[in-house]
Amino acid sequence: EMDVERRNDQEEWITVKRNVLPQGAPTSPILTNLVCQKLDFLLSGVAKRFGLKYSRYADDITFSSMHNAYQSDSEFLNELHRIIKQQGFNIKQSKTRLQKEGYRQEVTGLLVNEKVNVQQRYIKQLRMWLYYWERYGYERASSFFIQQYIKDNGHVKKGKPNIINVIAGKLDYLKMVKGFSNASYINLKARFDNLIGYQNTMDRVLSIWENGGIEKAMNVFYNQQ
């Protein structure tokens, strides 16, 4: 039994005790792979038998092919359902979809049509946050960012999200997907590094102003330019 956050009848977040397992632990992927070891072996065999490629991330399973083996009541689908049920799992039909050539093909949030890529919204959002920071300064950009972040992600459990940490994390993810030599990544990273350097300078100047007076603070500021 552990403390978890749930909404009450008034749609307010409250802390209650529930018999649940914690999510997001670093051991979760390892445990998932151990649990799914036999499932992976069986589904890899089925994929090979029908000329498909099998991949899994946590509980997201993907089959890829250049031919359609996914017709309703096909031999492949019947075998797939049998194995998954045999291993003690259930398929969530609302999350099952067929993504054909010529349409957007997405796996675990990544586009995989021609090559692995992030969604266009991902890049646009990074550019937007950096632009607001450049245009209006850190405080106003951070305020706007928090509102947008909560709107996109819902309830934030532990404190306010930090724009610097989130952008840094998103840039690292972008580098992982597109590569460190990608032009979009290089441009966005350079803008971020420039803002970080400026912000660190301003934090230092404000600290000196508070403790040593405005003249010392201004001297430090102009010497940093």
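Predicted model: local features only at pLDDT ≥ 70, side-chain atom pairs only at ≥ 80, totals over all residues.
## H2 against H3

Next come the helix pairs. Helix H2 spans residues 37-49 and helix H3 spans residues 75-86; their axes are 10 Å apart and meet at an angle of about 175°. An angle over 145 degrees counts as roughly antiparallel, and H2 and H3 are therefore described that way.

On the H2 side, the contact is built from Leu 39, Leu 42, Leu 43, Val 46 and Arg 49, while H3 brings Glu 75, Phe 76, Glu 79, Leu 80, Ile 83, Ile 84 and Gln 86. Sorted by class, the contact of H2 with H3 contains eight nonpolar, one polar and three charged residues.

## H4 against H5

How far apart are the axes of H4 and H5, and at what angle do these helices pack? The axes of helix H4 (residues 120-136) and helix H5 (residues 138-153) are 7 Å apart, and the angle is about 150°. H4 and H5 are therefore roughly antiparallel to each other.

From H4, the residues in contact are Arg 121, Gln 125, Met 128, Trp 129, Tyr 132, Trp 133 and Tyr 136; they meet Tyr 138, Arg 140, Ala 141, Phe 144, Phe 145, Gln 148 and Asp 152 of H5. This contact of H4 with H5 counts nine nonpolar, two polar and three charged residues.

## H5 against H6

H5 also packs with helix H6 (residues 163-178), here at an angle of about 70° and with the axes 10 Å apart. That angle makes H5 roughly perpendicular to H6.

Tyr 138, Ala 141, Ser 142, Phe 145 and Tyr 149 are the H5 residues involved, and Ile 163, Ile 164 and Val 166 are their partners in H6. Here the contact of H5 with H6 has seven nonpolar residues, one polar and no charged.

## Salt bridges

Finally, a look at the charged pairs: the structure contains nine salt bridges. One of them joins Asp 3 to Lys 17, with 3.0 Å between the closest N and O atoms. Because Asp 3 sits in strand S1 (residues 2-7) and Lys 17 in strand S2 (residues 13-18), this pair ties together parts that are 14 residues apart in sequence.

Notes: Residues numbered from 1 in each chain as written. Heavy atoms only, no water. Axes fitted to C-alpha atoms, helices over the stretch in contact; angles between N-to-C directions. Helix = DSSP H or I, 4+ residues; strand = E, 2+ residues; numbered from the N terminus. Parallel < 35°, antiparallel > 145°, perpendicular 65-115°, else oblique. Contact = heavy atoms within 4.5 Å. Nonpolar A, V, L, I, M, F, W, Y, C, P; charged D, E, K, R; others polar. Salt bridge = Lys/Arg side-chain N within 4 Å of Asp/Glu carboxyl O.
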